[in-house]
Amino acid sequence: MRLRKIKGADEAVAASPYCVQSPEVLKGKWYTAFSGEKPLHIEIGMGKGQFILTLAKKNPNINYIGIERYESVLVRAVRKMEQEPLNNLKFICMDAMLLPDIFAPGETDRIYLNFSDPWPKERHAKRRLTSSVFLERYRQILAPAGQIEFKTDNRSLFDFSLQEIPEAGWKIDACTMDLHHDASMNSGNIMTEYEEKFSSKGNPIYKLIASR
Ligand code: SAM
């Protein structure tokens, strides 16, 4: 993602009641950050937040955490939350490499990865959010029956993921090469900002669901 530095973004994220400032303190007790103990679903690389804000509004019985590395991006989601606050959604500004520092083993029930950065150069493959490096972190924090849902319009990243995920010991539970024309997998689909942009250009959207 091309990053435009937004003036005041760092301060806005640091001061926002919707952003958890010391997430490691909540490790093993994330339910205390919400109004009750419910399943915990997270989105990694949430961008400007359209997907997770819509999902959280639709599902009040699930607690959600959106994770984004850059304040300049996250601040857009913070502004949307200010317009319409949701008590089952929190944001964290951090690198997903640190996931096991902030979630106890098995504490999360579902992980969403949407239009993750493709990192096309082979020497950067470990930075892809579906690389074995990240899959090992997801294994640590996901409940045994938990699933990863991944969608992208990038064929190379999807092909890489279809190979990497089983090699890391995960099962592919479902897969489509054209989400928007797959009635069963598209049922209840919530579009992300990138999904709207790339599907409007005619790009097919690929999706897979994986579990241990
Ligand atoms: N998910 C959004 C969508 O579909 O519209 C945004 C997609 S954008 C291409 C990928 C986002 O993932 C960027 O905002 C980027 O900063 C974030 N990201 C990439 N690697 C990350 C990491 N290791 N930890 C947290 N966020 C990350």
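Author: Buried means under 20% relative accessible area, exposed over 50%, and partly exposed in between, with a 1.4 Å probe and protein chains only. The model is predicted, so local features need pLDDT of at least 70 and side-chain atom pairs count only at pLDDT 80 or more, while totals for chains, interfaces and linings use all residues. Residues are numbered from 1 along each chain as its sequence is written, and side-chain values use heavy atoms, with hydrogens and water left out.

Reader: How many salt bridges are found in the whole structure?

Author: The search finds 10; a salt bridge is a side-chain nitrogen of Lys or Arg within 4 Å of a carboxyl oxygen of Asp or Glu.

Reader: Which residue forms a salt bridge with E193?

Author: K80 does, with the closest N and O atoms 3.0 Å apart. This pair links distant parts of the chain, since E193 is in helix α8 and K80 in helix α3, 113 residues apart. Helices (H or I, at least four residues) and strands (E, at least two) are DSSP runs, numbered from the N terminus.

Reader: Is K80 buried or partly exposed?

Author: K80 is partly exposed, because its relative accessible area is 33%. E193 is also partly exposed, at 23%.

Reader: Turning to L89, where is it found, and why does it count as buried?

Author: L89 is in strand β3 (residues 89-93). L89 counts as buried because its relative accessibility is 1%. Leaving aside neighbours within four places in sequence, L89 has contacts (heavy atoms within 4.5 Å) that include F34, I52 and M81.
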